[in-house]
Amino acid sequence: MRLRDTIKAQPGLSSLVLHGLGLVIRLGFMLAILRWSGSTLLGVFGLLVAIEMVIVYLCGLEFHTFTTRRYARRPCRTMLRLCAASHFQLLTVCAPLAVLVAVTVALVLRLHLSATELVLLGTIVATGMLSNEVGRFMVLTNRPLHSVTMTFIRTAGWQPLLLTYLGTNEELTALLALWALASLLSVSWALWIMREALGSAVRPRFRYLVRGLALSRTYYLIASASVLQSNLDRFVLQMMLGPTAVGIFTFFQTLANTLPALVQSAVLNVWLPQLLGAFGRQTPNRMELLSRVGRRSWAIGIGLSAAIGLTALPLVWLTSHPEYLGWLWILPLLLAAQILIVGSQPLHLAIYAAHKDISLMWLALGSLACGIVISVTLVSNLGLVGAAIASPCSALLLWIGRRWLFKFLSANNQI
């Protein structure tokens, strides 16, 4: 009972601990794959993760930006059920579409999955669509720890069970089967927790859904461009070099990607309410607050990058693949890219708080277009080296774009 009371009393700390445990398990899982299987399986897994993430966002249509505002305006069980019914109605179309797109992308990327593995991938994507929406409703109804728990089960909880299959002929099928099973169990548990939101007698009108999608389109384009850009290099590498190159890149990218997750938890989540409130109301001290948050983001980002870099060398030795030492120089470039992104994230939040959604949309689309050109050009000419260089180049352009947009809006008294 004491542990349960502690969890209830400290939901933020509990969420952070569970999030950190998930990161540790995923890192250990990646090292185990490299040690007992190899770069090819890690590359295929990295691509499958990217496919699921991108398609869930692309086919999800960000409809939650419409429904959450409606619920926040009138938070009651009736409105909650209406919002959930709207999402369920959209999912009857979007989830099958997502499965079809996922299978198509897997075939286009030449992943050579069997029919059984394609069915399992479809199950993962479909349940991913559902869990993404349920998780948002959990946060909306003050159940953030439940949302983190569901995500933990889907993304990390099943991974230790795969260790006995590594190095066997069934390793990829077992990976997809365990992933799909964990996804099914987690979303079933989440639906049980959120059962109060189910069973609406009201069927949302088609016009209501269309209006919601129209009002969500700006956020949809921003989110889609962002998630595409963050996974772009894996897709380009697969098309040009194959899964082994993707596996090498994924190893170092996973290490670098721990940086934004930690800065988000340590800085941005803490200061987010004050930052949104200050720029939403245009308080006199908003620039001072932004400067303070920006300095902390840069400082913690640089400090964590140094720690990750020092940790990387022994981790490379644990893989039993000494050739990875030859690619260790990739990590500083990927960390530099993440430092630029997290260092400019407070500017993004300030622009967002000022409701300059159209400006952010064009910035995101422009960054994605430039990222595609940079990645394709460098990878086609330099291979894996090009992918490593493309990341900080794209991040630098995004940093410049955010700074320029913020200064432009400030000069015109729009922020």
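The legends below describe close-up views of a predicted model. Local features need pLDDT of at least 70 and side-chain atom pairs count only at pLDDT 80 or more, while totals for chains, interfaces and linings use all residues. Residues are numbered from 1 along each chain as its sequence is written, and side-chain values use heavy atoms, with hydrogens and water left out.

**View 1. Helix 12 and helix 14 cross at roughly 20°.** The axes of helix 12 (residues 330–353) and helix 14 (residues 384–411) come within 9 Å, where helices are DSSP runs of H or I of at least four residues, numbered from the N terminus, and axes are lines fitted to C-alpha atoms over the stretch in contact, with angles from 0 to 180 degrees between N-to-C directions. Helix 12 is therefore roughly parallel to helix 14, a term for angles under 35 degrees.

**View 2. The largest cavity has a volume of about 50 Å³.** A search of the whole structure finds 1 cavity of 30 Å³ or more; a cavity is a set of points, on a 1 Å grid over the protein atoms alone, where a 1.4 Å probe fits but cannot get out, and its volume is the space filled by probe spheres set on the points, which are joined across faces, edges and corners.

**View 3. Residues that line the largest cavity include His 64, His 87 and Glu 133.** Lining residues have an atom within 4 Å of a point, and among them are also Cys 59, Phe 63 and Cys 94. Helix 3 (39–60) and helix 5 (77–108) each supply at least two residues of this lining, and helix 5 gives the most, with 4 residues.

Conventions:
Angles under 35 degrees count as roughly parallel, over 145 as roughly antiparallel, 65 to 115 as roughly perpendicular and the rest as oblique. On a 1 Å grid over the protein atoms alone, a cavity is a set of points where a 1.4 Å probe fits but cannot get out, and a pocket is an open set with protein on both sides within 12 Å along at least five of seven lines; lining residues have an atom within 4 Å of a point.
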